[in-house]
Amino acid sequence: MRRILKTLFWSVLAVAIGWYISTLPGRISIEAGPYTVETSDSVAVAAVLALFALLYIVLRLITLAVLVPRAGSLWRTGRQRRAGEQAVTRALVALAAGEKADARREAARARRLLGDTAQTLLLAAEAGRLAGRDDEAVAALQALAERKDSALLGLRGLLSNAIAKENWSEAAALARRAEAAHPGAAWLRQERAQLAVRAGDWAEALTLAGPAGPRAALSVGAAGQAALPDQAERLTRQALKADPGFVPAVLAHATQLRTRGREKKAQAVLADGWRRSPHPDISTLALAGVTDKTERLAAAKRLAAGAPGHPESHLLLARAALDAGQMAEARRHLDAAQADGLDQRRLWLLRAELEEEEHGDTEAGRMAQRDALRRAANADPDPEWRCESCHTTVPAWRPACPACLTPGSVVWRADSPREIAGTEVVA
Ligand SMILES: [Zn+2]
């Protein structure tokens, strides 16, 4: 309505001005060189208006000539985009339905129509993977990884691929690239931690372990790989601080101290370790170097004083007393351990040895020894290092289970309900 009024207004104004000019008396004369044009002013105004109208028409024609091909091109592009989007949808549906050939065909079509976008490349990778065309999937993922906006998508796919192929060095390199492209992603941290465990890179695994991770186990592992003694000592101390009763940490830290000539401090660490979690490896390390049998018994007594009455202390003292020829004392400790509920093979083997040492080659001695050996055959198994996750037994402690790769899962355990109390070294 406003537009009509506006047009009406300008038309009325133009007619009024035209009528006014036509009523004006006078003539207009234009001279150009030898030519002279003379006319009435009303005709001159009409001529100027006609010239403007002509100019307007020419300009409109020029504009149309430029815009029409562009409009055609826009229309074609729009149609191509719509077809591409349809191909994307069809490829997604085919992927969901597990139709390999359709997925590949539609993904290729989408890529042809829409070009190499993050979306079409990801579709091509997924379709290639589904169809078992690794070369296609990897090429699409590499193209994705090269793009700044989708690098993480490509790297994640390539990482999964490398892991599936058990190419650990490539996987670790890809994980580092992904971390650089997108720092702080939780899944990536977890992936890198797993790769570090798999590669046995305990320092890296320790860096990536969260506060709730098995830091003591990983610190001991990292200390074993440290290039400098100072670094190793710092790591073993760190492990002991994280879990003061952790036997591998006690052993590793005491070994570090001993190697550096700090024997007194090493013995203090071992004594504290025995007090917290008595373990045969602690006594072996503490008594190493003490060759005199009486002195060994005295040293064993000092160590066992930290956990008096513990079955492990009784076994240690029984062994040392037996070696020192103190048969009555050895028997007293074996009886105490047995009274405590210990019924493991090692106790009966020690008792068989004691019977042989004490009674010698007598009928009573042979009978007692036979009886002890029979009991040993039926006794509970001795404790051992075992993965508490998959129950694999390992001959020596490891920072992670070699079978299931769970870090911090190897614990000292007797495979029996009558397990020695307090010998579990990893909580
Ligand atoms: Zn395991």
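User: In which helix is Arg 375 found?

Analyst: Arg 375 belongs to helix α19, where a helix is a DSSP run of H or I with at least four residues, a strand is a run of E with at least two, and both are numbered from the N terminus. The model is a predicted one, in which local features need pLDDT of at least 70 and side-chain atom pairs count only at pLDDT 80 or more, while totals for chains, interfaces and linings use all residues. Residues are numbered from 1 along each chain as its sequence is written.

User: Why is Arg 375 called partly exposed?

Analyst: Arg 375 has 17 other C-beta atoms within 10 Å; a residue is buried with 20 or more such atoms, exposed with 12 or fewer, and partly exposed in between, the C-beta atoms being placed from the backbone. The count for Arg 375 therefore makes it partly exposed. From Asp 292, Arg 375 is 83 residues away in sequence and 32 Å away in space, C-alpha to C-alpha.

User: What makes α18 and α19 roughly antiparallel?

Analyst: The axes of α18 (residues 345–359) and α19 (residues 363–378) cross at roughly 175° and come within 8 Å, each axis being a line fitted to C-alpha atoms over the stretch in contact, with angles from 0 to 180 degrees between N-to-C directions. Angles under 35 degrees count as roughly parallel, over 145 as roughly antiparallel, 65 to 115 as roughly perpendicular and the rest as oblique, so α18 and α19 are roughly antiparallel to each other. Among the residues that make this contact are Trp 348 and Leu 349 of α18, and Leu 373 and Arg 375 of α19, two residues being in contact if their C-beta atoms lie within 7 Å. The residues of this contact divide into eight nonpolar, three polar and five charged.

User: How do you know whether Ala 209 is buried or exposed?

Analyst: Ala 209 has 21 other C-beta atoms within 10 Å and is therefore buried, although its place is in the loop between α9 (202–208) and α10 (215–225). Leaving aside residues up to four places away in sequence, Ala 209 touches Ala 193, Pro 214, Arg 215 and Leu 218. The C-alpha atom of Ala 209 is also 8.6 Å from that of Arg 189, 20 residues apart along the chain.

User: Why is Pro 211 called exposed?

Analyst: Pro 211, which also lies in the loop between α9 and α10, has 6 other C-beta atoms within 10 Å and is therefore called exposed. Between the C-alpha atoms of Pro 211 and Glu 106, which are 105 residues apart along the chain, the separation is 47 Å.

User: What is said of the phi of Glu 166, and how exposed is this residue?

Analyst: Phi of Glu 166 is near 55°, a positive value in a residue other than glycine. Glu 166 is placed in the loop between α6 (151–164) and α7 (168–181), and with 9 other C-beta atoms within 10 Å it counts as exposed.

User: How confident is the predictor over residues 417–427?

Analyst: The pLDDT, which is the predictor's confidence in each residue from 0 to 100, stays under 50 over residues 417–427, although the model has 33 contacts for them beyond four places in sequence. The protein averages a pLDDT of 88, and 95% of the residues score at least 70. Where pLDDT is low, the predicted coordinates should not be read in detail.

Notes
Ala, Val, Leu, Ile, Met, Phe, Trp, Tyr, Cys and Pro count as nonpolar, Asp, Glu, Lys and Arg as charged, and the others, Gly among them, as polar.
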